[in-house]
Amino acid sequence: MITANEILHSIHVGLAGAITNEMLLAITEMALVGITLLGSLVCLSFFLGYMERKVAAFMQIRLGPNRVGPKGSLQIVADTIKLLFKEGLTPTSSDKFLFNLAPYIMVVTTMLVIAPIAYTKGMQIWDINIGVLYVSSISSMSVIGILMAGWSSNNKYSLLGAMRCGAQIVSYELSIGLSLITIVVLTGELSISGIVESQANGWWLFKGHIPVIIAFVIFIIASTAEINRAPFDLAEAESELTAGFHTEYSGMKFAMFLLAEYINLFIVAAMGATLFLGGWMPLHFGVDNGFNHVMDYIPGFVWFFGKTFFLIFIIMWFRWTFPRLRIDQLLNLEWKYLLPISMVNILLATLIAIMGWHF
Amino acid sequence: MGIGSYFKTIFTSVRSLMSGMKLTGYYFTHHKEIVTQQYPENKAKGELILPERFRGEVIMPHDENNEHRCTGCQSCELSCPNGSIKIITKQALQPDGKKKKAIDTWVYHLDMCTFCNLCIEACPTQAIIMGQEFEHSVFDKKKLKKILNEPGSQVKAGVE
């Protein structure tokens, strides 16, 4: 079976044959990776946009987009072209520099977070040894972009949305961190590839007993809040704040926020899949048995994207079912429920890790 | 808040959220529940289904003898909130030689009608009903002024 490692190695050898200068080779490879990443992320957000609209439609007993292209699949492309041609308006009394900078900050932060995610064995842009710490620290930087957008718009709705969003992200960061630490405690590693390797004899969701299941549920709830999706979409609550922090944005700058939102959705789902559902690791039970060998025939790529899209579907399911929380209910949920529970939970997980009770 | 009610809140809220997700999950997997009608195509295929009480336009049914049920009482005209109905009456000669009030023309201004159904409610003899036809677009506004009683029609015997 051809592995991703071999493909990447053959590309490297081919390039090394053509470019002899080592510095130039490294730069070329970086540029290739960057272009591939950008292209695939745009395709991904197209697909996620289409998926969101279809899932929403079916859950509300509608058909959804069904005119442009087969089953409406080109609708999102048409919408993007429309956004490209629209005027990118900058309000007169806004802080123009910050206003124009904010969407790029949002996109750059999400692009940074995607670096250490492992797609399949050996296919990872940056195998950093503190992967989990890196993801959780960089992803909290997106609040800067949101606050910047809200502040510089010089609009009360934008500012209110941005402030709510700041409070929300800062609070929910804690539960996300604690639920990630549960896995880090059990694994004893911070690198993404190490965490995936540790699940070769079963995913943590099955190996770690009840504490990991609770951590998983808390992770899903808190990450839904972290990426500002319904039922936690207070930052852009349409009925109260028109569109929250991106009220004043139009055209391509608005599309940037949309792109960042969908990539963030992908990232949290990918992190959940990596930490709790084994990333690209196939479904294994125990060590070296027939079942594991059968599962190994399905490539890691398929496993990773299958799990990720399953989690994305769950988050979309939340969005089209639950009513939006009020700001005080939102903070109640975090500080009175999720945080105490995850603190007790991490104690249990530590006990399990010390006593070696996990499988 | 006691520790018991703390956990009770968690369980009841999770249960109620789950019941909501069960319903949306059911709709997601059962596409036959979809209510969307794809309008121009389904009309060509003859699959356009309109509800029984759909309000397309006011019509006056005539039977095979070209007789309607309108006595010319003008209740509909009085009940119409925006004056889209105008009834011109005449004194019709009866077979026994007596004269009786009957309609001459029943004028319906479709362009002013809001389909509020009040004229149908007001009619004591069920002479007018709501029809299912809804494609009313025309190039000339004058075409929206309609005369509902057919030429030469008269009121059905026995309708008072």
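Visitor: How many residues of chain A are in contact with chain B, and what makes a pair count as a contact?

Guide: In this predicted model, 11 residues of chain A are in contact with 12 residues of chain B, where a pair counts if the C-beta atoms, placed from the backbone, lie within 7 Å. Helix α2 (residues 22-59) of chain A gives the most to the side of chain A that touches chain B, with 3 residues. By class, that side of chain A has 9 nonpolar, 1 polar and 1 charged residues. For the model as a whole, the scores are ipTM 0.75 and pTM 0.82.

Visitor: What is the confidence in chain B, and where is it lowest and highest?

Guide: The mean pLDDT of chain B is 86, and 100% of its residues reach 70 or more. Within chain B, the lowest mean, 80, belongs to strand β7 (residues 154-155), and the highest, 90, to helix α4 (residues 118-122).

Visitor: Why is chain B called more spread out than a compact globule?

Guide: Chain B has 4 helices and 7 strands, which follow one another along the sequence as α-α-β-β-α-β-β-α-β-β-β. Its radius of gyration is 26 Å, whereas the globule rule gives 15 Å for 160 residues, and because the value is well over that figure, chain B is called more spread out than a compact globule. Along its principal axes, the C-alpha trace of chain B spans about 90 × 40 × 30 Å. Buried residues make up 14% of the 160 residues in chain B. Of the contacts in chain B with a separation of 6 or more, 73% are accounted for by residues 24 or more positions apart.

Visitor: Why is Gly131(B) counted as partly exposed?

Guide: Gly131(B) has 14 C-beta neighbours inside 10 Å; a residue needs 20 or more to be buried and 12 or fewer to be exposed, so a count in between is called partly exposed. Gly131(B) lies in strand β5 (residues 129-131) of chain B. Leaving aside neighbours within four places in sequence, Gly131(B) is in contact with Gly56(B), Glu57(B) and Ile59(B). Gly131(B) and Val58(B) are 73 residues apart in sequence, yet their C-alpha atoms are 5.9 Å apart in space.

Visitor: How do you know that the span of α12(A) agrees with what its number of residues should give?

Guide: The 26 residues of α12(A), at 1.5 Å a residue, should span 38 Å, and the end C-alpha atoms are 38 Å apart, so the two agree. Just after α12(A), Gly278(A) takes a positive phi of about 85 degrees.

Visitor: Which residues touch the most other members of the largest nonpolar core?

Guide: Of the 81 residues in that core, Ala222(A), Leu265(A), Phe266(A), Ile267(A), Ala269(A), Phe276(A) and Ile312(A) touch the most other members. Helix α12 (residues 251-276) of chain A gives the most to this core, with 17 residues. Not counting residues up to four places away in sequence, Phe276(A) touches Ile183(A), Trp203(A), Trp204(A), Leu205(A), Val212(A), Phe216(A) and Phe219(A). Apart from this core lies another, of 16 residues, among them Ile103(B), Trp106(B), Ile128(B) and Val155(B).

Terms used. Residues numbered from 1 in each chain as written. Chains lettered and ligands numbered in written order. Predicted model: local features only at pLDDT ≥ 70, side-chain atom pairs only at ≥ 80, totals over all residues. pLDDT = per-residue confidence, 0-100. Helix = DSSP H or I, 4+ residues; strand = E, 2+ residues; numbered from the N terminus. Contact = placed C-beta atoms within 7 Å. Nonpolar A, V, L, I, M, F, W, Y, C, P; charged D, E, K, R; others polar. Rg over C-alpha atoms; globule rule 2.2 N^0.38 Å. Core = buried A, V, L, I, M, F, W, Y, C linked by C-beta atoms within 7 Å. Expected span 1.5 Å × (residues − 1).
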